Amino acid sequence: MAGGLVKYRHLSRNSSARKALLRGLVTQLVQYEHIQTTHAKAKEAQRLAEKLITLAKKNNEPCRRSAQAILYMMKLTESLKTPHVLLPKLFGEIRNRYLTREGGYTRVVRTEPKNTYDQGESSILEFVDGPKDSRFMMTAKTIARDRLLGQESTPVTAQNIKKVTQFRGEKDLEDMVQRFLALQTSDAAAAEEGHSVEAARIAGEECSKAQALAAEVKTQKKEAKS
């Protein structure tokens, strides 16, 4: 019926082109675990990615065939293409990561537009608790900043800590915090060293100017006496 509600975004494509687009996005997500695209594409690809993880968790032959039908073939060489490159990762590392999680395997995070001349809504689609989890890294960086400033974490930070450590554990978070602390400490030391070098250079220039001025005054006094 015309004017009715649609159950999904058409993305300005027909059915086959839309399906091909989403398959490509999900294939890249499994490969890199972190992709950036428009917000509409990210939300639609998220639905297919959640379905793919559900198939991986079931881990039977029909589900493997369905997952293989979703993933695009990966190019190994000029003459060899196979979808089986990503299947071991999907049914191994990624499946084991989400065995105890009931749902919510992916996250869509709004970001600034990728192109200055195209101000369309942009988002990041990523796997939760993955190696490129943005919320995990942002929480660790916030904790490191609070420790350097000697202040307590805000209630929002405490809530994020609880979320990111629910399935991943506190050890990984503490390791990431220590990495940020070491990075910020080294940056501060480098900045201080650079400031000291700059100060020494300026002091040297001022000393040279003072010596030149003193020599000029001495010369003028000799000329006046003669």
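Which residues is V26 in contact with, leaving aside its neighbours within four places in sequence?

**View 1. Contacts of V26 in the predicted model.** Beyond its neighbours within four places in sequence, V26 is in contact with A45, L48, A49, L52 and I70.

**View 2. The largest nonpolar core.** This core has 29 residues, and V26, V30, L52 and L90 are those with the most contacts inside it. Two or more residues each are given to the core by α1 (15–32), α2 (39–58), α3 (61–70), α4 (87–97) and β5 (122–127). Helix α2 supplies the largest share, 8 residues.

**View 3. A second, separate core.** This core comprises 10 residues. Among them are F136, A144, L173 and L181.

**View 4. The open sheet of 3 strands.** The strands follow the order β1-β5-β4, with antiparallel pairing. At the edges lie β1 (34–38) and β4, each of which pairs on one side only. On average, and with direction ignored, neighbouring strands of this sheet are turned by 25° against each other. Strands β1 and β5 run antiparallel and are joined by 5 bridges. T37 stands opposite S123, a residue of β5.

View 5. Because its relative accessibility is 15%, under the 20% cut-off, R107 counts as buried. The side chains of R107 and D133 are joined by a polar contact of 2.5 Å. With neighbours within four places in sequence left aside, the residues in contact with R107 are Q46, I124, L125, E126, V128, D133 and R135.

Terms used
Residues are numbered from 1 along each chain as its sequence is written. This is a predicted model: local features need pLDDT of at least 70, side-chain atom pairs count only at pLDDT 80 or more; totals for chains, interfaces and linings use all residues. Side-chain values use heavy atoms; hydrogens and water are left out. A nonpolar core is a set of buried Ala, Val, Leu, Ile, Met, Phe, Trp, Tyr and Cys residues joined through side-chain atoms within 4.5 Å. Buried means under 20% relative accessible area, exposed over 50%, partly exposed in between (1.4 Å probe, protein chains only). Helices (H or I, at least four residues) and strands (E, at least two) are DSSP runs, numbered from the N terminus. Contact means heavy atoms within 4.5 Å. A polar contact is a pair of N or O atoms within 3.5 Å; within protein, one must be able to donate a hydrogen and the other to accept it, and residues adjacent in sequence count only if both atoms are side-chain atoms. Two strands pair if DSSP finds at least two bridges between them. Axes are lines fitted to C-alpha atoms, for helices over the stretch in contact, and angles run from 0 to 180 degrees between N-to-C directions.
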